[in-house]
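User: Please take me through the model shown below. I will ask one question at a time.

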Amino acid sequence: MISARLAGPGDVQLWGPVRGLAAEIGTMREALAARPPDRIGIGTSPDEMRGLTEYFVRAPAEPVVPLTAAERSEVRGLVRFGEVRVPNPAFVTLLEWGEEHAVRVEALDPTEEHAAALFTDHIGYLELVRRTVRERRVARSPPAPATPDGYALAWDRSVAGGRGSRAYAAARDRHLVDELRRLAAPGGRVVAVVDRERFERVQALYAAPG
């Protein structure tokens, strides 16, 4: 798991675990125990966070999670590096830890409705077609780098490398950074956790003035 203290307002530690990789859970719990945060922000929507809490943190049994063809392909490529869990075990672990220690956890991404509006603002018909073609291509032939970090970055480049997709990702990241600044404003230690491929973008945006 990559991590760094963010340059900018407040005491904010940014973590970037590889999405789905179960081995990241132990590292995260060790880091939480070594220096517990006052608040936690996670790079997902409020809607998804509610679902994770209801169905995976507080439920007596986990439901079956259906996967798209691209998600199945992503898991098949990642499993070379160890056990893979769905949904993102990093976010589930943080929500569990927050409940165990009475620490507030907040979603930093836009709501699903807001994210849908951003998607239509930045991704037109041609980009949507190209994105679908890229997803099918990478589903047939996932990237094969030597490390989990390399895999996460290569997967993101393969699927979301178009101009419109990059603009959409940047809009989501700007929203996340605005929410993270708000979360850090009262002071205390904040841990923010995003999927590995977003780490450098969020780090740069948070350090930028304004």
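User: What is the relative accessibility of Val-133?

Analyst: Val-133 counts as partly exposed, the class between buried (under 20% relative accessible area) and exposed (over 50%), taken with a 1.4 Å probe and protein chains only. The value that puts Val-133 in this class is 38%.

User: Which helix holds Val-133?

Analyst: This is a predicted model, where local features need pLDDT of at least 70, side-chain atom pairs count only at pLDDT 80 or more, and totals for chains, interfaces and linings use all residues. Residues are numbered from 1 along each chain as its sequence is written, and side-chain values use heavy atoms, without hydrogens and water. Helices (H or I, at least four residues) and strands (E, at least two) are DSSP runs numbered from the N terminus. The one with Val-133 spans residues 125–140 and is α6.

User: What is the area of the nonpolar surface patch that includes Val-133?

Analyst: A patch takes residues with over 30% relative accessible area and no salt bridge, joining nonpolar side chains (Val, Leu, Ile, Met, Phe, Trp, Tyr) within 5 Å and like charges within 9 Å. Areas follow Shrake-Rupley with a 1.4 Å probe, only the protein chains shown counting as cover for residues. Tyr-125, Leu-126, Val-129 and Val-133 make up this patch. Its area is about 410 Å².

User: Which element gives the most to the lining of the largest pocket?

Analyst: The largest pocket has a volume of about 1300 Å³, and of its 40 lining residues the closest to the centre are Arg-19, Glu-71, Glu-74, Arg-172 and Asp-195. On a 1 Å grid over the protein atoms alone, a pocket is an open set of points with protein on both sides within 12 Å along at least five of seven lines, a cavity is a set where a 1.4 Å probe fits but cannot get out, and lining residues have an atom within 4 Å of a point. At least two lining residues each come from α3 (69–78), α5 (112–122), α6, α7 (148–159) and α8 (163–184). With 5 residues, the element that gives the most is α3.

User: How many residues in the lining of the largest pocket are charged?

Analyst: Ala, Val, Leu, Ile, Met, Phe, Trp, Tyr, Cys and Pro count as nonpolar, Asp, Glu, Lys and Arg as charged, and the others, Gly among them, as polar. By that division the pocket lining has 18 nonpolar and 7 polar residues. The charged residues number 15.

User: Which element supplies the largest share of the lining of the largest cavity?

Analyst: The whole structure has 1 cavity of 30 Å³ or more, with about 40 Å³ of space; grid points are joined across faces, edges and corners, and a volume is the space filled by probe spheres set on them. Its lining is Val-18, Arg-19, Glu-74, Leu-78, Ala-152, Trp-155, Asp-156 and Glu-197, and the elements giving two or more of these are α3 and α7. The lining splits into 4 nonpolar, no polar and 4 charged residues. The largest share, 3 residues, comes from α7.

User: How many residues apart are Arg-19 and Glu-197?

Analyst: The side chains of Arg-19 and Glu-197 form a salt bridge at 2.5 Å, N to O, the term being a side-chain nitrogen of Lys or Arg within 4 Å of a carboxyl oxygen of Asp or Glu. Arg-19 sits in the loop between β2 (11–16) and α1 (23–34), and Glu-197 in the loop between β5 (189–193) and α9 (199–207). Arg-19 is partly exposed at 26%, whereas Glu-197 is buried at 11%.

User: Why does the pair of Asp-109 and Arg-172 tie together separate parts, and how many residues apart are they?

Analyst: These side chains meet in a salt bridge of 2.8 Å, N to O. Because Asp-109 lies in the loop between β4 (104–107) and α5 while Arg-172 lies in helix α8, the pair ties together parts of the sequence whose separation in residues is 63.

User: What is the phi of Ala-102 near?

Analyst: Most residues other than glycine have a negative phi. Ala-102, in the loop between α4 and β4, counts as exposed at 73%. Its phi is positive, near 55°.
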